[in-house]
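Here is my note on the model you asked about, written as numbered points. Please keep the structure open beside the text while you read.

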Amino acid sequence: MTTQSDAATGVHPGPDAVAAAIAPADWSPYVQRAGNAFDALYAQLLPQIEPMIAQYEQKRSALIPLAHLFQEQEGYVSADALAAIAHLVGETPATVESTISFYTLLFRRPVGKYMIQICRNLSCMLNGAEEIMAYAREQIGVQHHETTADGLMSYEEVECLAACDRAPCAQVNLEFVYDLTRESVDAMLAAIRAGSYEIAPLPQTVRPGRSWKVAQDTGLKSAGALGVSNPNNAGGVGDASGLVMFDLIVGRPQYETRSNERLVHETALRPELAEADH
Ligand code: FES
């Protein structure tokens with residue numbers, strides 16, 4: 001596949017560029033690469049790393065703290081960092097890779113200076129996340145798993161952030177942002193663009209590609225629906241396919257019965273059931 005610049009084509013680099021960004025590391029604990037930025041970082045962090053590992057019974061318990069440590073310095077977990085972590089905790093690079101790629105708290109690709117992660121899980125969706133995500137995508141100008149052309153912002157839709165009582169919510173550079181509204185999204189984006197946002201930018205040691213999708217993510221993917229052609233139509237219950245699904249579920253006798261059991265106590269919603277409750 002030919003990879004051309006975004007400016008020339010307006011096309012995202014795609015999997016080739018992603019593959020280049022995650023090429024295997026040539027880091028080795030036994031070879032010092034003259035003038036290499038990661039080797040210098042590793043030497044600088046080593047006095048911090050050793051006590052960090054020593055506090056755990058098993059070295060592998062330090063895997064995630066170490067990933068955060070390198071990410072705080074590099075803006076993401078680079079291939080060199082991944083290899084170094086594997087060496088430090090005595091695990092294979094595959095184990096480290098699989099751990100890092102599991103958590104949306106850890107970035108395996110270079111990302112924007114502001115990583116905006118909006119929750120798409122149940123409480124947030126019930127409180128309007130679907131509309132907020134569509135609005136945020138429009139205002140940022142990117143889709144799920146993409147970065148703006150200037151490398152300032154990356155956008156991702158993530159699972160429950162464990163702040164359901166303040167839904168809909170997000171994390172920006174892993175800091176919580178609660179009770180999202182269109183207005184608060186506008187204010188956040190304006191402050192980020194003006195360089196005055198209260199949350200500090202991530203370091204950016206490598207300019208990010210426009211997309212960090214991996215092979216299994218190449219189809220359009222947005223909240224509540226797979227294969228929805230318009231990424232700003234998040235699908236779900238309000239979408240035609242969602243309605244069909246909803247109808248299929250609600251129409252089944254066993255669900256109807258359960259709904260009535262619950263609603264028996266909700267006389268405001270089903271006053272005709274009030275008498276049956278006594
Ligand atoms: S559902 Fe969004 S924080 Fe839990």
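1. Two residues are said to be in contact if their C-beta atoms, placed from the backbone, lie within 7 Å. In that sense isoleucine 85 touches Leu63, Leu66, Ala67 and Val96, not counting residues up to four places away in sequence.

2. Two remarks on the source are needed before going further. This is a predicted model, in which local features need pLDDT of at least 70 and side-chain atom pairs count only at pLDDT 80 or more, while totals for chains, interfaces and linings use all residues. Residues are numbered from 1 along each chain as its sequence is written.

3. Helices (H or I, at least four residues) and strands (E, at least two) are DSSP runs, numbered from the N terminus. Helix α9, residues 182–194, has 13 residues and reaches 18 Å from its first C-alpha to its last, close to the 18 Å expected at 1.5 Å a residue, where the expected span is 1.5 Å times one less than the number of residues.

4. Which residues of α9 are buried? A residue counts as buried if 20 or more other C-beta atoms lie within 10 Å of its own, as exposed if 12 or fewer do, and as partly exposed in between, with C-beta atoms placed from the backbone. By this test Val185, Met188 and Ile192 are buried in α9. They cover an arc of only 65° around the axis (taken from the directions from the helix axis to the C-beta atoms), which puts them on the same side of α9. The face turned away from that buried side carries the exposed residues Glu183, Ala187, Ala190 and Ala194.

5. The buried residues of α9 pack against several elements, including β3 (153–158). Five of the six residues of β3 are buried, so this strand is largely enclosed by the rest of the structure. Strands pair if DSSP finds at least two bridges between them: β1 and β3 do so in the parallel sense over six bridges, whereas β2 (residues 146–147) and β3 pair in the antiparallel sense over two bridges.
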